[in-house]
Amino acid sequence: MSVADTNASSGFALSTRGLSRSFGQLVVARDINLNLPVGARYALIGPNGAGKTTLINLMTGMLPPNHGQILLGGEDITALTPQARVKRGLARTFQINSLFAHLNPLEAVTLAVCERRGISPKFWQNIAVNKEAIEEAYDILTRLKLGDVAYQTTRELPYGRQRLLEIALALATKPKVLLLDEPAAGVPQEESGDIFEVVASLSNDLTLLFIEHDMHVVFRFATHIIVLVGGAVFTEGSPAEIAADPGVREVYLGKRHHG
Amino acid sequence: MAPPPANPQAYLQSLSRWRPLEIAFWLATLLPFWLFPNYLGLANQIAVAALFALSLDLILGYAGIVSLGHAAFFGVGAYTAGLFSKFVWGEVFTGLIAAALMAALFGYVSSFIVARFRHLTLIMITLGLGLLLHSAANSAHFITGGSDGFQGISMWKVAGLFRFDLYGQTAYAYSLGVLFIVFLCARRLINSPFGLSLRGIRENWVRMPAIGADSRAHIRKVYTISAAMAGIAGALIAQTTQTVSLDALSFERSADVVVMLVLGGAGRLYGGIVGASIFLIARDQFSGIAPQYWYFWIGVLLVMVVMLLPNGILGGLSALLAKWRRK
């Protein structure tokens, strides 16, 4: 890519350029161009099978693209491994809990903090000597209202708490950009607000992209909305613009099952 | 239940504290000197097998890497110790170190293959590498003695003081000492940041890269460490029995150590030691009843344990203990 391109995208926390991916005949991502400004709160919406999770997989490197680039803070990260992207500040959560079932939240988040701080290769010292790492982990848990369950085995936690632990693990990597794949998936509607309150309370420096089906939540927490249909960006804009867009109503809002 | 610790650091510290039961366990390993002076040969074999199972536990129990070829490193250690005593000198500790280094080298090289695969593929690769080494050792008759066995090992007195005697007193004391020291290292490793990452790999392989972890680098490292430990176990058997046979590298040895670990309980640090004790004592007793059929009883034991106690004998005991405490 040219120098001019690099400069043009350096103002954005995360950008994609012509990102495409297909499985045989099935196109799951078609020429996706996005620019997320620093500190933005983006919602990614679209009908089932629109390719929302696929897009997160492409951005985080869990799925390699056929074409296109991903830029993090203006730097091309397309060739990097998923863990290298995390180290540079791109973290994600999973739609279906992907936790460490037999560790407790303190151990799990300490693990993530140790990986980030580069102390996880140390096999000769007791974990407990790493006071700062442990306190950082505990601090993240407290911020996410998980302090009281820090010593309970993860698999025994209530489901809503496990969803928060998903976010805690991602935060432990100190991300600049955080991709949340349906953070409140499977949580009863009255509790999903709690989870998004936590999301909304995250630092303003953190750039957020979240997938969410509940339109009340989307309009309440997003500053910008991207509508994905059939693997391509159908439209994007402010919540007001999206709400007023007749095309969006037709492909998405008109077909929604609730609200 | 003990009250929750005051702060998270104290809590993590408390997890690695020595428990009275552990101290009692290690004191009990000294009992054979007085209670079973005629069985010290068996006790020595148990100590060696326990060390071997402990090495497997690091990769299988903690990092979730199932290996059916772990005897490769045991055998490399055994032959290295044998060759060392024959061509360098008969001092035991330098022999152990040489064996550990050679096994670590083999482990490190193969770890680049092992770290790339999971599940059935991984099992087949470890199995294949094990078979490969067994055949290589068989055909390298001029070094290993092939199926005739490796002869001509003669060891010096341990620390210049204790001759390896007929009753196995020195042998057991020596192997037990080495087992204890390696156990301390393994215990340290398990309670380290690295140990936590290994548990992370076992618990959720997919999530690890998403928290920025390079799982393959961790696996290469633990595989190398585990290979070195298995090499030490092999060296102990070579030094204390003063012979190495080809079965040090056999598939049967690889399979037996998996059975020992599963019997005792994988991922529990003491699982391998308990499993090795039960396995070898059972073999000793059952083969007294009907020498050809003792595997039948091991089979029965294995099926019963796996069906009734999915986390092994230690897993069952700790579940029982937890239940009793809750009452």
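This is a predicted model: local features need pLDDT of at least 70, side-chain atom pairs count only at pLDDT 80 or more; totals for chains, interfaces and linings use all residues.
Reader: Which strands form the open sheet of chain A, and why are two of them called edge strands?

Author: Strands here are DSSP runs of E of at least two residues, and helices are runs of H or I of at least four, both numbered from the N terminus. Six strands of chain A make up the open sheet, in the order β6-β7-β8-β3-β9-β10, with mixed pairing. β6 (90-92) and β10 (232-237) of chain A are its edge strands, as each pairs on one side only. Within the sheet, β7 (residues 177-181) and β8 (residues 207-211) of chain A pair in the parallel sense over five bridges, with A:L179 opposite A:L209. β3(A) is also joined in parallel by four bridges to β9 (residues 224-229) of chain A, where A:I45 faces A:V227.

Reader: What makes helix α2 of chain A mostly covered?

Author: A residue is buried if 20 or more other C-beta atoms, placed from the backbone, lie within 10 Å of its own, exposed if 12 or fewer do, and partly exposed in between. Eight of the nine residues of α2 (residues 52-60) of chain A are buried, among them A:L55, A:I56 and A:L58. Just after α2(A), A:G61 has a positive phi of about 90°. Strand β3 (residues 41-45) of chain A is mostly covered too, with four of its five residues buried.

Reader: How do you know that chain B is as compact as a globular protein of its length?

Author: Chain B has 16 helices and zero strands. Its radius of gyration, taken over C-alpha atoms, is 20 Å, and the globule rule (2.2 Å times the number of residues to the power 0.38) gives 20 Å for 327 residues, so chain B is as compact as a globular protein of that length. Of those 327 residues, 48% count as buried.

Reader: Which residues of chain A are on the side that touches chain B, and what are they by class?

Author: Contact requires C-beta atoms, placed from the backbone, within 7 Å. By that criterion, 39 residues of chain A are in contact with 28 residues of chain B. α4(A) gives the most to this side of chain A, with eight residues. The residues of this side divide into 22 nonpolar (Ala, Val, Leu, Ile, Met, Phe, Trp, Tyr, Cys and Pro), eight charged (Asp, Glu, Lys and Arg) and nine polar (the others, Gly among them).

Reader: What makes a set of residues the largest nonpolar core?

Author: A nonpolar core is a set of buried Ala, Val, Leu, Ile, Met, Phe, Trp, Tyr and Cys residues joined through C-beta atoms within 7 Å. The largest has 174 residues, and those with the most contacts inside it include A:V109, A:A168 and B:L51. Helix α4 (residues 40-62) of chain B gives the largest share, 16 residues.

Definitions and conventions. Residues are numbered from 1 along each chain as its sequence is written. Chains are lettered from A and ligands numbered from 1 in the order in which they are written. Two residues are in contact if their C-beta atoms, placed from the backbone, lie within 7 Å. Two strands pair if DSSP finds at least two bridges between them.
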